[in-house]
Amino acid sequence: MAVDLIKHPDSGGDAGPPETAPESTSDAPAEPADTVVEDGADEDATEDLDEETASGLQVWRDGFTHVAHHQIGCWWNAEDLSDERLMALLLNKQHTQFNERIKNRKEAVNEQLKAARAAEQQAHQAQQASQAQTWRNVDRLYKTLEDLENEEFVPNVPSPHRVASARREHARSRRTSLAVTAGIAGVLAWQEPAAAAGVSVFVTLAGTAWVWAMGRWPWTWTSRTPALSFEPTDEVTEALEAAAGLEADEEEPAGEGSGLPVARGWAPASPDDGDSGGEPPAAPGSAAVPAAAEGGLVPAEAAAAAADSETAPAEGGDAPAGLAVLGGRPPEGIAPPAGAAPYPIAQATTPQEAADCLWRALRAESVDVGWVGDGERFPWGWQLTVRVKSGSPDDISANGTHKGLITRLRLPRGSGVQVEPWEDPGDTCTVRLVQRNPFATMGELPYRPPLSRSINDVADFGLVMDTSPLAFSLAGLMLLMVADSGAGKSGVMLSLGEVTTACYDAVTFNIDPYGSGIADLGGAITASAHSDEQIIAVLRFFLNLAKARARMRHKYRMGNTWKPSREHPAVCLFVDEWPKLSDEAKELLIELLLVGRKEAVWVFGGSQFGTADYLGAPIGPKVAARLLGSCRGDDVTALLGAGALAEGYRADRLTPAVSPTDLRDAGVIYAKGLPGMPDRPVRYKFREVTVDQAAQLGEERAAAGLPSIAADCAEAGLDLDALLALCNSDPDERPIPSVLASIQYAMEASDSAHLGYVPVDEVVARLREEDEQAWSRWDHMDATARRREQGKEIARRLKEHGIALTTERVGDVSDPQRKITVYKRDAVERAIKELP
């Protein structure tokens with residue numbers, strides 16, 4: 001608590017001159033300077049003595065009054081606490097409670113995640129298999145954590161009634177504390193009377209001296225207003241100023257030393273240029289700043305005001321009216337007037353106006369801007385460079401600031417503002433203001449004839465946001481793409497496969513446990529694997545081939561890596577729906593990723609999730625090329641590192657397609673590790689390969705003949721024909737009883753499929769779709785009895801076909817304490833294999 005010495009108006013000493021003095025008139029004769037009045041001198045001396053005595057008594061009276069009213073009374077009623085201080089204390093208390101609430105909620109969500117993991121591990125411990133968490137529940141929990149992390153504190157300005165109530169609470173607390181202290185002092189005085197007497201004398205003397213001092217030099221206790229623990233809003237600032245009895249500070253014009261930032265390479269404006277407001281000097285023939293521009297009008301309005309004033313146009317041609325020109329160049333890096341309101345970026349027509357628009361919006365979002373410039377117009381919008389004076393460019397991409405900029409600039413949500421921080425200097429970033437689809441000028445798919453190219457050649461796959469081509473070579477590339485359903489993952493894989501099947505020195509294999517993968521290319525693919533048996537056989541085959549090629553390349557003097565050619569082609573394995581692979585298949589795939597690159601056995605993987613619990617191991621960061629479509633923030637950090645979101649890799653802000661006609665950001669990606677492409681947080685888009693185009697190209701390439709690895713396989717002692725025969729056999733051709741087929745179908749369609757099981761309730765729902773009458777016989781029963789009878793009916797039908805398939809009890813991920821009955825995937829696949 002600070003002490004503020006304030007002179008009290010009722011002070012008894014150090015009186016000033018009288019308020020009025022007798023006025024001299026020209027009619028009164030002047031009294032001689034040496035005239036001495038001796039009459040009544042004794043009476044005057046007596047009066048002076050009486051006044052002096054009265055003045056001493058007044059000091060005591062003033063001191064007692066001051067201590068009683070201005071100190072003890074204020075303390076007793078908590079009047080020494082100003083409204084400003086009480087309001088600040090209440091606001092800080094709100095912020096503390098908000099942080100505690102967020103902390104408790106995050107702890108609760110983390111406990112739920114731990115419980116889900118523990119339940120899943122316990123449920124599947126018997127099989128010794130690593131099971132993934134249910135994606136819906138876990139994704140919801142992670143989304144909740146992200147929302148809690150990004151939730152912003154919104155202060156509620158206390159009302160005058162609440163401030164008065166807080167004052168009364170402080171007063172009651174003080175009185176209670178004083179009563180307790182007095183009680184303790186009374187007990188001690190009763191036990192130690194001698195010590196109490198000494199303390200009483202000391203207190204009396206000290207109090208007397210204090211009263212006299214306060215009468216002589218009165219001052220009051222004042223408490224300093226505590227600093228706010230959060231960044232105040234305009235409403236909070238105005239409320240605190242009103243509570244302090246202050247008015248908002250007037251904007252002072254920037255004068256000498258204001259240090260307005262200017263574009264790089266320019267000389268700052270001199271204070272001698274005749275502009276006391278700190279604006280840049282007007283060049284010859286340039287217009288002075290009109291009053292309309294000073295009032296915060298948008299550039300278009302300022303230009304109209306300048307035209308009305310009949311001033312000469314600014315030198316340089318494209319500078320907004322009212323802005324000065326230095327050396328024939330527009331002042332792109334000059335800060336807008338203090339307090340200038342933001343306006344939509346659509347009203348900017350020149351780089352200078354775009355810089356001014358972004359500067360205003362950033363300043364309104366409390367970003368400490370140092371410079372904005374280097375504006376460049378693209379078909380999709382604007383690209384500018386921003387330098388910050390404090391903080392980090394990462395602050396611009398923070399969720400709160402990003403949403404505010406979207407609103408102020410009136411841009412599309414998610415993709416409207418894109419930030420790319422620079423590595424050097426670290427205070428600078430590139431900001432892209434996207435008004436339209438940046439990939440509208442993609443162009444048609446280039447025609448690549450059969451056997452017309454090498455896998456080492458650079459291929460044009462699409463477009464970079466800066467309108468440069470997305471072009472790179474697939475040679476030596478291990479690639480993993482993570483994207484949600486509808487984000488274009490299969491389309492990107494098809495685009496990559498379209499290039500590999502046009503090569504004369506590469507063969508293409510397609511693996512997808514639950515879909516078609518790149519099967520649209522038809523005969524251009526050497527083989528496809530869909531069942532677990534086929535997938536494991538293909539992965540084990542090429543793992544053995546990679547080991548054999550490590551020995552063979554020394555024979556062919558290829559050096560440290562296999563050199564693809566017509567005689568010794570590379571192998572391109574496209575693996576979609578990675579998380580739905582069996583545990584054995586995941587282990588083989590991960591091993592192949594580690595050893596296949598040097599032996600020209602390359603994997604192009606696709607997954608809806610990028611975390612280790614879905615991939616089977618933390619292999620994502622080790623894959624050379626990582627592509628991210630619309631996905632979770634956790635997937636971004638799992639593949640690109642903890643700081644990827646702050647660096648601008650905001651794949652979590654991409655939007656997947658919602659229908660075949662509304663593609664949104666389908667096919668748009670962020671990427672790292674593409675050969676020949678810089679690792680920058682910039683968006684790319686792959687050209688779409690339609691089903692018809694893929695089918696036509698597949699027919700042409702199959703007719704022209706495909707490259708073959710038969711010679712390499714024979715030398716390695718591997719039976720390629722047997723593998724192709726297995727892959728070409730259709731597992732669905734084997735007769736499967738309808739009840740088992742329904743269980744298999746329900747497994748594939750279940751949200752719990754990646755967990756390795758399907759609840760019996762979902763199997764029953766599938767059976768009811770096929771035969772409503774047969775499976776509605778138990779609807780009159782309660783839920784427990786109905787499930788029991790339905791389970792008996794499924795078991796009876798399975799037994800009729802000699803199928804030994806039993807259910808198991810596992811914990812429900814959404815409620816680990818609740819057990820549900822399920823069919824395990826491994827048991828279903830084993831039952832299918834054992835069919836006659």
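The notes below start with the basis of the values and then take each topic in turn.

The model is predicted: local features need pLDDT of at least 70, side-chain atom pairs count only at pLDDT 80 or more, and totals for chains, interfaces and linings use all residues. Residues are numbered from 1 along each chain as its sequence is written, and side-chain values use heavy atoms, with hydrogens and water left out.

**Cysteines**

- The count of disulfides (pairs of cysteine sulfur atoms within 2.5 Å) is zero.
- C503 is in no disulfide, and the nearest cysteine sulfur, that of C572, lies 7.2 Å away.

**Sheet**

- Strands (DSSP runs of E, at least two residues, numbered from the N terminus) form an open, antiparallel sheet of three in the order 17-19-18; two strands pair if DSSP finds at least two bridges between them.
- Strand 17 (757–759) and strand 18 (808–812) are the edges; each has a single partner strand, so one side of each lacks a neighbour in the sheet.
- The twist from one strand to the next averages 55°, with axes fitted to C-alpha atoms and angles from 0 to 180 degrees between N-to-C directions.
- Strand 17 and strand 19 (residues 815–824) run antiparallel and are joined by three bridges.
- Y757 stands opposite K824 in strand 19.

**Packing helix**

- Helix 24 (residues 825–833) packs on the sheet, touching strand 17 and strand 19; contact means heavy atoms within 4.5 Å, and helices are DSSP runs of H or I, at least four residues.
- The direction of helix 24 makes about 10° with that of strand 19, the helix axis being fitted over the stretch in contact.
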